[in-house]
Amino acid sequence: MFPWIMETRSPEQTQSLGEALGRLLGPSTVVLLSGDLGVGKTCFTQGLGRGLEIPETEPVVSPSYTLMNQYRGRIDLYHFDLYRLVTPEDLLDLGFDEYLSGDGVTVVEWGDRFPDLDLEGIRVHLEQGEGECRKISFSAEGVKNLAVLEAFRSQWIAAGEQYDRV
Ligand SMILES: Nc1ncnc2c1ncn2[C@@H]1O[C@H](COP(=O)(O)OP(=O)(O)OP(=O)(O)O)[C@@H](O)[C@H]1O
Ligand SMILES: [Mg+2]
């Protein structure tokens, strides 16, 4: 069943997917985003933030420079970007472990950057297609994360959403 692969054709569609997943997330969840520069990881997280009911007055922006941004919502969002980090120790210096074990949803752009960290979560991999097309694959580790993804997939299919399943 996984990876489950979707194709979006606009930033708005990628955000809608993120929002649908965000609505299903509970506390202490980790979402690991991967894919090339500019492919849509922050865009997906903006939708996910909507699903976590982060107010529109607190726009989700890229943490490329700040390394981490935090937002209050139905569940708090801890939004990390590992691109500029050199070693996993830099990440631990940011208090990453405490966030991971906190009540919020931790979203990590470049979540595949340090494989030795052995992170467990919902994995979202984005690939550039032609023009505004993006191939987005979902997979997960752990019983809880797999159950969330199964619910996500079933709801999406039941809702008859228009994006192609590849
Ligand atoms: N289908 C699509 N899904 C997502 N973004 C898209 C899509 N089509 C075009 N875009 C554009 O691609 C860009 C994605 O930028 P975004 O900052 O989300 O990427 P990123 O993966 O977070 O980059 P970085 O690696 O620099 O953090 C935006 O300008 C967005 O408008
Ligand atoms: Mg980004």
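Tutor: What follows treats the sheet, its helices and the ligand shell of a predicted model.

Student: What makes β3 and β4 a pair, and in which sense do they run?

Tutor: Two strands pair if there are at least two bridges between them. β3 and β4 (residues 77-81) have four bridges, in the antiparallel sense, and they therefore count as a pair. Within this pairing, Tyr71 stands opposite Leu77 in β4.

Student: What is the strand order of the open sheet?

Tutor: The order of its seven strands is β1-β7-β6-β2-β5-β4-β3, with mixed pairing.

Student: Why is one side of β1 and of β3 left without a neighbour in the sheet?

Tutor: β1 (4-8) and β3 (68-71) stand at the edges and have a single partner strand each, so one side of each lacks a neighbour in the sheet. From one strand to the next, the twist averages 20 degrees.

Student: How many residues surround ligand 1, and which are the closest?

Tutor: The shell holds 18 residues, the closest being Thr14, Gly40, Lys41, Thr42 and Glu132. α1 (11-24) and α2 (41-51) each supply at least two residues of this shell.

Student: What is the make-up of the shell around ligand 1 by class?

Tutor: The shell has four nonpolar, 10 polar and four charged residues; Gly is counted among the polar ones.

Technical notes
Residues are numbered from 1 along each chain as its sequence is written. Chains are lettered from A and ligands numbered from 1 in the order in which they are written. This is a predicted model: local features need pLDDT of at least 70, side-chain atom pairs count only at pLDDT 80 or more; totals for chains, interfaces and linings use all residues. A residue is near a molecule or strand if its C-beta atom, placed from the backbone, lies within 6 Å of it. Axes are lines fitted to C-alpha atoms, for helices over the stretch in contact, and angles run from 0 to 180 degrees between N-to-C directions.
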